[in-house]
Amino acid sequence: MDRTEAIAPLSRPGRAAGGDADPGRPVVRLRDATLAHGDRVLWRGLDLDVRPGEFLAVLGPNGSGKTSLLRVILGRQQLTAGSVTVLGRVPRRGGGHIGYVPQQKSLPAQAVLRARDLVRLGVDGHRWGLPATPRSIRHRVDDALASVGATPFADVPVGRLSGGEQQRVRIAQALAADPRVMLCDEPLLSLDPQYQRTVTDLVDRRRRSAGTAVVFVTHEINPVLGLVDRVLYLARGGFRTGTADEVMTTSALSRLYGTRIDVVRARDRIVVVGAPDAATAHGHEGGPNGEAARDG
Ligand SMILES: Nc1ncnc2c1ncn2[C@@H]1O[C@H](COP(=O)(O)OP(=O)(O)OP(=O)(O)O)[C@@H](O)[C@H]1O
């Protein structure tokens, strides 16, 4: 079955295009934030503001605490020290205005929920500007499905979809929440280049049209290099923040890792050579305090 179709724009019944977000007010704010499990410090002394419409890429080796950062912002994980606010409030489980694309795990083959049922779960429990009638909710779900090209498989049980199709449905679910911030945990995994582009374009369009802040965890910066405003790089208990040009450099990453790392620009790509990989960089050694980080 050919399940691809043209990608439709996601209409927004709530705020006007451009959003009502105050561009000066951070959507996400962390101050002197530390997260540790036992005596193992994932990151320490993190100051971070993510502003409306900003695209923040979060990079770092396996186990450096990228997903944990998203869990803190979601209110599912308590900081060890410091503070976090989302839209000026301490985040709590189930709070609205957050679109979350969790790290991909295949849905069981026997999962009987249809794609549209999953997306509908994104609408429920959130305010999105208009009274939620069954008809308006159905339109919202249809819009979100169309926006990721998922209309042809809207009624297929999700367990029967490919990994990439399931991922597009998860993006639609996050968009259906009419989010002020999107938290995306490696959303490009298992997508072919065409749909990597689809996903990054959707997220980019959303932040430009609605002022949605984006926190985008990725192992690979190249697919989002043209979109990224700032990078947060986590490693060995420390971090660096800044533009891609500031962070993705031989000197910045060598200091962060405490060993020689080479960052090479080849055509429009960044290649990092020598960064300890998942097997060796699990970071269990604890690591130094956060590098002097710039945030702004
Ligand atoms: N509740 C917990 N208790 C103890 N350790 C935990 C807990 N949650 C996460 N960890 C550990 O913290 C570390 C960071 O996990 P996290 O998933 O945030 O890393 P990550 O940077 O997203 O990794 P990956 O790139 O592999 O997805 C891991 O070693 C993980 O095992």
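**Entry 1: ground rules**

I count residues from 1 along each chain, as its sequence is written. The model is predicted, and local features need pLDDT of at least 70, side-chain atom pairs count only at pLDDT 80 or more, while totals for chains, interfaces and linings use all residues. My helices (H or I, at least four residues) and strands (E, at least two) are DSSP runs, numbered from the N terminus. I call two strands paired if DSSP finds at least two bridges between them.

I looked up the strand order here and found an open sheet of three strands, 2-1-4, with antiparallel pairing. Strand 2 (40-50) and strand 4 (81-86) are at the edges with a single partner strand each, so one side of each has no neighbour in the sheet. On average, neighbouring strands of this sheet are turned by 25 degrees against each other, direction ignored. My angles run from 0 to 180 degrees between N-to-C directions, and the axes are lines fitted to C-alpha atoms, for helices over the stretch in contact.

Next I followed strand 1 (residues 28-37), which is joined to strand 2 by seven bridges and runs antiparallel to it. Leucine 30 faces leucine 48 of strand 2 there.

Valine 58 has leucine 232 in strand 8 as its bridge partner.

**Entry 2: around the ligand**

Which residues surround the ligand? I listed His37, Leu42, Gly60, Asn62, Gly63, Ser64, Gly65, Lys66, Thr67 and Ser68. A residue counts as near if its C-beta atom, placed from the backbone, lies within 6 Å. Helix 1 (residues 66-73) gives the most to this shell, with three residues. By class, the shell has one nonpolar, eight polar and one charged residue. For these classes, Ala, Val, Leu, Ile, Met, Phe, Trp, Tyr, Cys and Pro are nonpolar, Asp, Glu, Lys and Arg are charged, and the others, Gly among them, are polar.

**Entry 3: helix 2 with helix 3**

The axes of helix 2 (residues 115-123) and helix 3 (residues 134-147) come within 9 Å and cross at roughly 115 degrees. That makes helix 2 roughly perpendicular to helix 3. My angle classes are roughly parallel under 35 degrees, roughly antiparallel over 145, roughly perpendicular from 65 to 115, and oblique for the rest. Helix 2 passes helix 3 in a right-handed crossing; right-handed means the near helix is turned clockwise from the far one by less than a right angle, and left-handed means anticlockwise.

On the helix 2 side I noted Ala115, Arg116, Val119, Arg120 and Val123, which meet Ile137, Arg140, Val141, Ala144 and Leu145 in helix 3. Contact here asks for C-beta atoms, placed from the backbone, within 7 Å. This contact has seven nonpolar, no polar and three charged residues.

**Entry 4: helix 2 with helix 4**

How do the axes of helix 2 and helix 4 cross, and at what angle? They come within 7 Å and cross at roughly 30 degrees. That makes helix 2 roughly parallel to helix 4. The crossing of the two is right-handed. Helix 2 brings Ala115, Leu118, Val119, Leu121, Gly122 and Val123 to the contact, and helix 4 brings Val169, Ala172, Gln173, Ala174 and Ala176. These residues divide into nine nonpolar, two polar and no charged.

Methods:
Contact = placed C-beta atoms within 7 Å.
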